[in-house]
Amino acid sequence: MNGIVIPFTPNDSPIVGRDRPRLDSTAKVTGRAIYTVDIEKPGMLHAKVLRSPHAHARILSIDASAARSLAGVTAVVTREEIHGLHSYGTYVKDQPIVATDAVRYVGDVVAAVAAVDERTAVAALDLIRVEYEPLPAVFDSTAALDLSAPAIFPDQPFAAYPEYGDGASGAAHTAHNVSYEFRYETGEESIWADCDYIFEDTFTFSRMNHMHLEPFATVAEATATEIEVWTSTQSPFPMRKELARVFGLAENDIRVNVPLLGGGFGAKNGPKTEAIAIRLSQLSDGRPVRYCMSTEEVFLTLSQHDAILTVKSGLKADGEFMARKSRVLLNGGAYADASPLVAEKAGYRMPGAYRWKRIDSVCQAVITNTVPAGAYRGFGATQATWASERQVDLIAERLGFDPLELRLKNAKELGEEFVPGETPIDSDLKLGLNLVADAIGYRDRPRSGNRGMGVAIGIKDGGGVNKPAQARVKVTTNGDVFLNCGLVEMGQGGHSALCQIVAETLACDPKRVKYAAIDTDNTPFDQGTNASSGIAVMGHAVLQAAERVRSSVLDMAAEHLLLDRQSIRLDNWHIVGADGTTYELPPLIMDRFGGTGFEFTADGYFKVRSSSSAPLEAPCMFWEIGWAAAEVDVDPETGRVEILQLVVSGDAGKVVNKLGCRGQDEGAAVFGLAQALFEELRYDDGELLNGEALLYRVPLAEDIPRRFSSITQEQGHGAGPFGTKGMGEGGMLPIAPAIAQAIADATGAQLTSLPMTPERVYNGIRAARARQGRAHRNA
Amino acid sequence: MSLESPESSQETFTHKVEFELNGSPERHSVPTSTTVLDLLRNSCSKQGVRASCERSVCGACTVLVDDLPVAACSTFAFDIDGARVETVEGLAAQDGTLSAQQQAFRECGGFQCGFCTSGMLMVTTALLRQNPQPDREEIRDWISSNTCRCTGYEMILESVERAAELAGAKQQDQAPE
């Protein structure tokens with residue numbers, strides 16, 4: 001990075017910001033790290049499930065008697081065994097533990113078996129006879145809206161959704177096969193009349209699988225009155241709440257334990273394996289039941305939302321953006337899962353990084369007979385950014401502007417509001433954009449051959465909506481520290497970063513701080529690990545708890561040593577007086593508490609204040625921004641795209657762990673790169689063609705551009721502790737549009753669909769040549 | 001995903017398998033269909049061997065058999081009879097000192113969720129045995145056998161380069177004057 005000034009804040013802190021290894025590093029490099037798949041209990045049974053071969057069918061009868069009598073089988077769950085239990089889902093509660101009236105996609109769970117081993121469970125599944133009456137199915141979100149399409153839920157499932165703030169609204173079941181619809185509107189409709197140009201374009205966004213390496217897994221020990229699970233979830237407390245609802249129990253009868261996660265990327269938010277393992281355990285006299293999916297089953301459980309996005313933008317002749325209207329259709333698959341939340345975000349984030357006087361946005365999550373879609377890294381924003389940024393490039397080409405200059409002209413300023421009632425933008429968007437553009441030499445690029453460059457900005461509200469977070473810090477007599485909070489470690493380095501905050505506050509060696517195991521009986525409440533909220537939202541709760549502990553230690557010491565409270569400080573579990581005299585704490589504590597020892601403990605809490613003027617009920621905690629610049633070489637004969645350079649940048653606000661920040665941005669960028677060029681779930685008439693690791697193409701080291709780098713900015717405007725902001729999703733957002741514009745810059749092919757396969761690029765080049773030919777003839 | 005005991009197995013045909021695991025002898029009797037993954041995780045308590053795709057695609061279960069990386073999920077247990085098998089548990093020294101590869105991955109952040117790490121470390125070990133000073137292209141070729149969904153690979157490439165450096169330095173230290 002020659003001659004580029006990277007914005008950063010000076011580092012005067014001894015721990016935060018250091019390039020130190022993560023606290024979980026030794027466990028992970030020695031193979032000793034414990035994930036849910038490693039949990040074993042004495043007498044543990046194994047579960048397997050029977051899945052629907054039909055995309056849509058009524059269940060006429062199920063005969064599981066032969067399976068029940070197979071030696072080694074302890075329980076079978078069919079619709080008969082879930083009477084009185086509730087369905088689950090976010091806002092829209094439409095997914096039963098096993099199918100009841102009908103199956104709604106190929107892979108829908110019809111029955112589950114617990115047996116002494118997986119082999120016996122699989123053998124038992126073969127003995128279950130299900131009689132189906134096939135029903136017409138619909139796979140495409142546009143087709144599903146048509147009144148002639150089959151109603152996938154003849155009776156509308158129970159739904160509850162929030163009161164939104166100014167300009168926003170949401171409702172369930174607003175149209176045929178629509179599970180949830182979100183709308184946002186601001187500014188005057190009359191602004192359209194002032195526009196010199198109005199362009200309308202449609203974009204499509206493909207669907208990916210999360211492909212977290214650790215599959216969904218749960219070990220459950222449950223009776224009719226008490227449930228304990230060890231499970232791979234990103235959200236222990238929402239999981240407890242949902243399980244309490246599903247099983248009709250009090251929350252204090254349910255205990256959720258969460259080991260390390262082998263990747264999540266949003267997939268591990270709602271119930272997956274939990275309810276089946278629990279019900280089977282209840283029916284097996286409370287013996288522990290392990291339900292661990294295969295990778296093929298993971299593919300049949302959750303995906304990203306594919307989307308069709310129609311965007312109409314109006315602008316002045318000088319390129320000033322004026323008004324934007326959008327309609328987004330998300331393919332939510334057979335069950336709502338987190339679709340309502342994704343619809344909110346996809347609708348809300350359509351303005352992108354730019355200033356508009358009028359915004360009118362509608363997003364519908366549509367039910368189809370495909371694998372359910374839910375939370376997926378950067379959700380809603382990935383879809384919105386693809387369409388939003390792509391249209392900026394299309395407009396630039398039509399009006400003869402440089403795409404970078406058009407962005408710089410219209411990007412919001414630092415401190416400018418995103419929409420009324422929302423948090424001001426807390427990064428300098430233009431600074432970051434210039435940074436990545438300069439990093440690849442955008443302005444001096446050669447305009448010959450088949451090489452081209454593109455830039456893009458992705459922006460999303462970060463920190464989640466209505467996320468209360470609580471934390472507890474306790475310190476033993478000898479100065480060993482336990483951090484107790486519900487942030488799940490799924491790879492992002494959150495445990496490590498939070499422990500660093502505690503160590504910094506207590507002025508102790510980070511090695512002394514342990515992140516306590518998560519279980520909902522003992523861990524303070526948290527709303528879940530998502531929305532890149534760990535460092536900013538939970539960070540505040542942790543910081544407050546640590547500060548309170550420090551304060552109580554200093555109070556005790558000042559009183560005991562008869563020192564002025566204001567003049568002493570804590571350092572490496574010693575009290576340091578004004579004159580530099582140090583006092584060891586352990587003997588002092590033993591003396592004070594009668595020789596028995598003591599633990600100092602304190603709680604911390606944080607939540608962004610709700611506001612009726614904030615469209616999503618509360619203003620966002622911070623803005624998560626991803627900037628990217630790409631250079632490509634396109635082979636016009638084959639449509640093959642080679643990425644020569646890719647630079648991604650995020651703004652950490654303030655870095656707590658350098659390795660962690662870098663890994664989050666680069667990892668996210670590679671998700672974006674794969675979606676741009678090749679990774680997608682392919683369907684043929686409702687049949688998932690590549691739902692397994694052999695056929696599903698995720699990026700490998702050989703797919704990474706030879707010149708791939710990340711720039712971690714520290715712009716210092718974050719609302720988290722020390723000025724931090726969340727990371728992890730931002731890096732995914734701008735990659736596909738930046739690559740798309742680089743392809744357009746190289747060849748004239750303006751692609752509007754993902755992934756940009758050689759076939760699509762080749763066809764795009766032909767279309768561009770035909771356009772140019774026509775233009776030439778007409779000239 | 002494998003974590004089962006074959007107690008109700010229909011198979012009666014078993015194989016005696018003797019092999020060396022991380023330097024210690026192992027002797028087991030297994031049904032024909034038992035994979036190396038099953039054997040190592042369930043009978044030898046090597047939980048550091050991770051199971052993910054079980055189609056020899058992702059590489060999470062990579063172990064070394066006679067110095068070469070193999071997918072434990074797709075290798076039959078009877079195939080390792082007489083072989084020398086190494087898992088991630090065998091990398092660190094007896095006193096817990098981390099190997100050069102382990103140190104490097106730790107230092108350079110060559111992991112995030114850590115689920116691919118055992119496999120990546122074993123591929124790195126095999127590579128450095130064949131070529132103690134691989135260039136980036138060779139490292140890229142080797143680790144392209146394994147999937148990492150978290151890091152974006154760049155930090156893994158740097159970890160392997162660093163491992164080669166650390167291993168080289170160690171050898172120099174140990175070299176006779």
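I began with burial in chain B, and of its 177 residues 55% count as buried. I note here that I am working from a predicted model, so that every value below is a computed one.

Next I looked up the secondary structure, which for chain B comes to five helices and five strands. Reading along the sequence, I wrote down the pattern β-β-α-β-β-β-α-α-α-α for chain B.

I then turned to overall dimensions, and found that the C-alpha trace of chain B spans about 55 × 40 × 25 Å along its principal axes. Because a compact globule with 177 residues would have a radius of gyration near 16 Å, I take the 17 Å of chain B to agree with that expectation. Among the contacts in chain B with a separation of 6 or more, I noted that 57% come from residues 24 or more positions apart.

For the surface of chain B I recorded an accessible area of about 7,400 Å², with 45% of it belonging to carbon and sulfur atoms. I also looked up the charges of chain B, 14 positive and 26 negative, whose mean positions are 4 Å apart.

Last, I went to the interface, where 66 residues of chain A are in contact with 53 residues of chain B. The area buried between chain A and chain B is about 4,800 Å², and carbon and sulfur atoms give 53% of that area. On the chain A side, I listed A:Val29, A:Arg119 and A:Leu213 as the residues that lose the most area to chain B, together 16% of what that side buries.

Definitions and conventions:
Residues numbered from 1 in each chain as written. Chains lettered and ligands numbered in written order. Predicted model: local features only at pLDDT ≥ 70, side-chain atom pairs only at ≥ 80, totals over all residues. Heavy atoms only, no water. Helix = DSSP H or I, 4+ residues; strand = E, 2+ residues; numbered from the N terminus. Rg over C-alpha atoms; globule rule 2.2 N^0.38 Å. Buried < 20%, exposed > 50% of the residue type's maximum accessible area, 1.4 Å probe, protein only. Contact = heavy atoms within 4.5 Å. Areas by Shrake-Rupley, 256 points an atom, 1.4 Å probe, with all protein chains shown as cover. Lys, Arg positive; Asp, Glu negative; His and termini not counted. Charge placed at Lys NZ, Arg CZ, Asp CG, Glu CD. Buried area = accessible area lost by both parts, 1.4 Å probe.
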